[in-house]
Amino acid sequence: MTRERATPDENGEEVMDHSAHHTGPAHDHATHEGHAEHGEHAGATWGTAVKATLHCLTGCAIGEILGMVIGTALLWGNVPTMVLAIALAFLFGYSFTLFAVRRAGLDLKTAIKVALAADTVSIAVMELVDNAIIALTPDAMDAHLSDGLFWSALLGGFAVAFLITTPVNKWMIGRGKGHAVVHAYH
């Protein structure tokens, strides 16, 4: 096991050397903007949380709308349509992060781990809220693609999910979790 050692900085104060734990450019917190000293996440701004939530919402919305459209067009029942929509929401939500970190040079296995760590809670909260809104909106589950109720329940669910998921993301990013794990790779 490698021990950390303290070395004097330019002001003569002792600073812990964390290089034994964090190697490579992905963990170079000293040059990465927005990280507090020693890689701690002192708190996330609302702007950062909004961006992370919009990123998640985009993938979720594409997947969910596609799932709802496919299930409704094929005249599937409510449960299989929702299952497809949720599965596609997770697939598209993860894929946005997966493609971004792959472009940054991560191998597929590591990229999958990063995407799962970055987006699972955000997508899960968003899907729970969005689908609860749709399920609780009278007649929304029986509405057709041509009905305004179908689209208003779906889009209204996204809006409410965004409002609830943003503070969750802010809390997680502030603790170095969720979308914060992606920041080391861009």
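This report walks through the helices, the cavity and a few individual residues of a predicted model.

A word on the ground rules. Residues are numbered from 1 along each chain as its sequence is written, and side-chain values use heavy atoms, with hydrogens and water left out. Because the model is predicted, local features need pLDDT of at least 70 and side-chain atom pairs count only at pLDDT 80 or more, while totals for chains, interfaces and linings use all residues.

**Overall layout**

The protein has five helices and two strands, arranged along the sequence as β-β-α-α-α-α-α. Both kinds of element are DSSP runs numbered from the N terminus (helices: H or I, at least four residues; strands: E, at least two). Of the 186 residues, 35% are buried. Here buried stands for under 20% relative accessible area, exposed for over 50%, and partly exposed for values in between (1.4 Å probe, protein chains only).

| Helix | Residues | Number of residues | First to last C-alpha | Expected span |
|---|---|---|---|---|
| α3 | 108–136 | 29 residues | 39 Å | 42 Å |
| α4 | 148–174 | 27 residues | 39 Å | 39 Å |

Helix α3 has a kink of about 45° centred on D119, whereas α4 bends by about 25° at T165, with a proline, P167, following within four residues. The bend at a residue is the angle between axes fitted to the seven residues ending there and the seven starting there.

The ends of these helices have details of their own. At the start of α3, a side-chain oxygen of D107 comes to within 3.3 Å of the backbone nitrogen of K109. After α4 comes G176, with a positive phi near 75°.

**The cavity**

What lines the largest cavity? Its lining consists of A52, C56, A118, D119, S122, N169 and H179. Helix α3 gives the most to the lining, with three residues, and α1 (46–73) and α3 each supply at least two. By type, the lining divides into three nonpolar, three polar and one charged residue; Ala, Val, Leu, Ile, Met, Phe, Trp, Tyr, Cys and Pro count as nonpolar, Asp, Glu, Lys and Arg as charged, and the others, Gly among them, as polar.

The structure holds one cavity of 30 Å³ or more, and the largest cavity contains about 30 Å³ of space. A cavity is a set of points on a 1 Å grid over the protein atoms alone where a 1.4 Å probe fits but cannot get out, and lining residues have an atom within 4 Å of a point.

**Residues to look at**

L154 is in helix α4 and counts as buried because its relative accessibility is 2%. Its C-alpha is 8.5 Å from that of A140, 14 residues apart along the chain. V50, in helix α1, is partly exposed, with a relative accessible area of 29%. V50 and F162 are 112 residues apart in sequence, yet 8.5 Å apart in space, C-alpha to C-alpha.

L75 belongs to the loop between α1 and α2 (78–103), and D139 to the loop between α3 and α4. Are they buried or exposed? L75 is exposed, at a relative accessible area of 70%, and D139 is exposed too, at 57% relative accessibility.

Notes. Expected span 1.5 Å × (residues − 1). Polar contact = N/O pair within 3.5 Å; in protein donor to acceptor, adjacent residues only side chain to side chain. 1 Å grid on protein atoms, 1.4 Å probe; cavity = no way out; pocket = protein on both sides within 12 Å on 5 of 7 lines; lining within 4 Å. Points joined across faces, edges and corners; volume = space filled by probe spheres on them.
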